[in-house]
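Please read the points below alongside the sequence and the coordinates on display.

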Amino acid sequence: MKDKPVILVVDDQPQNIELFEAYLVPRGYEIIKAASGEEALRKLSGNQIDLILLDVMMPGMDGFEVTRRVRQDNIYRLLPIILVTALREMEDRVMGIEAGCDDFISKPVDKLELLARVRSLLRIKAYNDLMSKYRNELETITISEGEAREYAESIINTVREPLIELDQELKVVRANRSFYDVFKTKPEETVGQLIYDLGNKQWNIPRLRELLETIFSQKIIFEDYEVEHDFADIGRRVMLLNARLIERVSGKEGIILLAIEDITERRQSEEKIQRMAYHDSLTGLPNRKLFSDRLSIALVNARRNQKMVGIAMLDLDNFKDVNDTLGHDAGDILLKATAERLSVALRKGDTVARFGGDEFVLILPDLKVIEDATQVIQKIVESFRKPFFVDNNRLVVTTSIGIAVYPTDGTDEGILLKNADIAMYQAKQAGRDRYQLSNKA
C-alpha cells in the first residue's frame, strides 16, 4: 500500500513544475514530473498514479489530446485529471470537458484553490477505488447472506465520507459511522426511514429529490451532484452527492449507494479567493478588475439605451499629512471611513471602487443628463466637509473630484479614466474641496 497519493505533474515549463512541487510535497503528496504529453503517457503506464495535473498549452501533444488518450484506456476511466490553463474562453473549457477532464484551475495558480481541488478529487477517487474493490471481492467469494451483510458493513464503515444505502423505495437500509457523526443522528432514527423524513424532514431537499427521482431513474451512476442546504442541527452545508445503483443476485432488487462529500469548507475557500480577486482587502470595495467588468457592462447598456455614464475620480485632499502625523494605521482607518461615506452617498446601481492609496473611482450609469451625475458628486463633496473621527482625533479631510462622461469625454475605459484624472487635478488646482467636469463635457 502506498504511503502518499501520487500526482503526475505535466508541464513543459520547469518553473511551473517547481511551483506545484513547492505547494504539494509539504502537504504529503508525491510528485512525478513530465515535461511533455508523450512523457506523461509513458510515466502513467509505468507508475501507480492517483491524479494528473496537466498543462493545456504544450508543444506537440497538448493537454486536451493527452486527456483524450488517457480516457481511451478503460483502466484510467475514473483517474482524476485537472487541466491547468490560462485559457478563459468557454469553448476551451467545453473542449476540456468533452476530452474527459474532471476539473480546471486557472493560471496564475492559487495555492489554496489548488490544494482544495486536489483534495476533493482524491476523495472521490478513494471512494471509487473502494467501491470497485468491494464489487470485485464479492464476485470472487462465496459467503452466506449474514457474512455478506457483515462484510458489506465493514467495508462501508471504512469510508471516511458519509455513506448511506437506500432500497428501491428510498428507505434507509444502512448508513456508515461517518453519516451518523456528521449529521448528528442515530441508527434507530435512520434505518427504515424514508430518506426525506430523516431529522424531522430536514432531508426533504428539492435538489435531492431531483437526483433520486428524476435524474437517477435514467442512469445507474451519477457523480458530483451539488446540493446546498441549511440543516437545523449542523447549519448550512454544501455537498457533492455520488450515487450508483448496485444490482444484486438472485433476483433481489438493487440498492442505491449514496456517498456525500461535504465541500462546505472548499466552497468557502473558493468564495474567499473569488472575493480577494475582485475586492480591495482594506475597504472591501471593488478593485480595479471588478471596476473594469462593471464599467464594460455599463458602457454596453449605455450604447444600447442611448444613455450616458459618468466616471468620477477622487482622492482625499492632503491625505499624506494624515499618514505623516498620525501614522499609517490612522490612515487606514480614514480610508475605510471614506469607503463607507462614499457608499452611503451613491444611488442604487452606482459603483465605488478603490484603485489604491487614497484614490477612489465611481461609476454612475444610466444618466439622462450630466446634472444626474453632478447632483451625486456635489452631495459627496458636501459630505466630506463633515469631520471624521480617527483615534480620538477630529479630522476634516475634504475631497477633489474629476468627472468624465461617456460618450462626450471618451468611449472606452482608458480615455474616460484619463479625462477624469485630468479633471480631478484641475479641481485641486482650483482650490480643492470641489468637483470639476472634464473640459470636453
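At 30% relative accessibility, Arg209 is classed as partly exposed, a term that covers values between buried (under 20% relative accessible area) and exposed (over 50%), computed with a 1.4 Å probe and protein chains only. Its side chain meets that of Glu213 in a salt bridge, with 2.8 Å from N to O. This is a predicted model, in which local features need pLDDT of at least 70 and side-chain atom pairs count only at pLDDT 80 or more, while totals for chains, interfaces and linings use all residues. Residues are numbered from 1 along each chain as its sequence is written, and side-chain values use heavy atoms, with hydrogens and water left out.

**Salt bridges**

- The structure holds 26 salt bridges, each defined as a side-chain nitrogen of Lys or Arg within 4 Å of a carboxyl oxygen of Asp or Glu.
- Side chains of opposite charge can pair when their charged atoms come close.
- Arg209 and Glu213 both belong to helix α9 (residues 206-215), where they sit four residues apart, about one turn of the helix.
- Glu213 is partly exposed, at a relative accessible area of 39%.
- A salt bridge also joins Asp280 to Arg354, whose closest N and O atoms are 3.0 Å apart.
- That pair links distant parts of the chain, 74 residues apart: Asp280 lies in the loop between α10 (264-278) and α11 (288-305), and Arg354 lies in strand β12 (residues 351-356).
- Asp280 is buried at 15% relative accessible area, and Arg354 is buried at 12% relative accessibility.
- Lys428 forms a salt bridge with Asp317, with 2.9 Å between the closest N and O atoms.
- Here too the pair links distant parts of the chain, 111 residues apart, with Lys428 in helix α15 (residues 413-429) and Asp317 in the loop between β11 (308-316) and α12.
- Lys428 has a relative accessible area of 15% and is buried; Asp317 is buried at 4%.

**Packing of α12 and α13**

- Helix α12 (residues 319-326) packs against helix α13 (residues 328-345) at an angle of about 140°, the axes being 7 Å apart.
- Axes are lines fitted to C-alpha atoms, for helices over the stretch in contact, and angles between N-to-C directions run from 0 to 180 degrees.
- The two helices α12 and α13 are therefore oblique to each other, the class left after roughly parallel (under 35 degrees), roughly antiparallel (over 145) and roughly perpendicular (65 to 115).
- The contact (heavy atoms within 4.5 Å) involves Phe319, Val322, Asn323 and Leu326 of α12, together with His328, Ala330, Gly331, Leu334 and Leu335 of α13.

**Surroundings of Ala40**

- Ala40 is part of helix α2 (residues 37-46) and is buried at 4% relative accessibility.
- Leaving aside residues up to four places away in sequence, Ala40 touches Leu8, Val10 and Ala34.
- Ala40 and Val10 are 30 residues apart along the chain, and their C-alpha atoms are separated by 6.4 Å.

**Overall architecture**

- The protein has 15 helices and 17 strands, taken as DSSP runs (helices H or I of at least four residues, strands E of at least two) and numbered from the N terminus.
- Of the 441 residues in the protein, 48% are buried.
- Among contacts between residues at least 6 apart in sequence, 57% join residues at least 24 apart.
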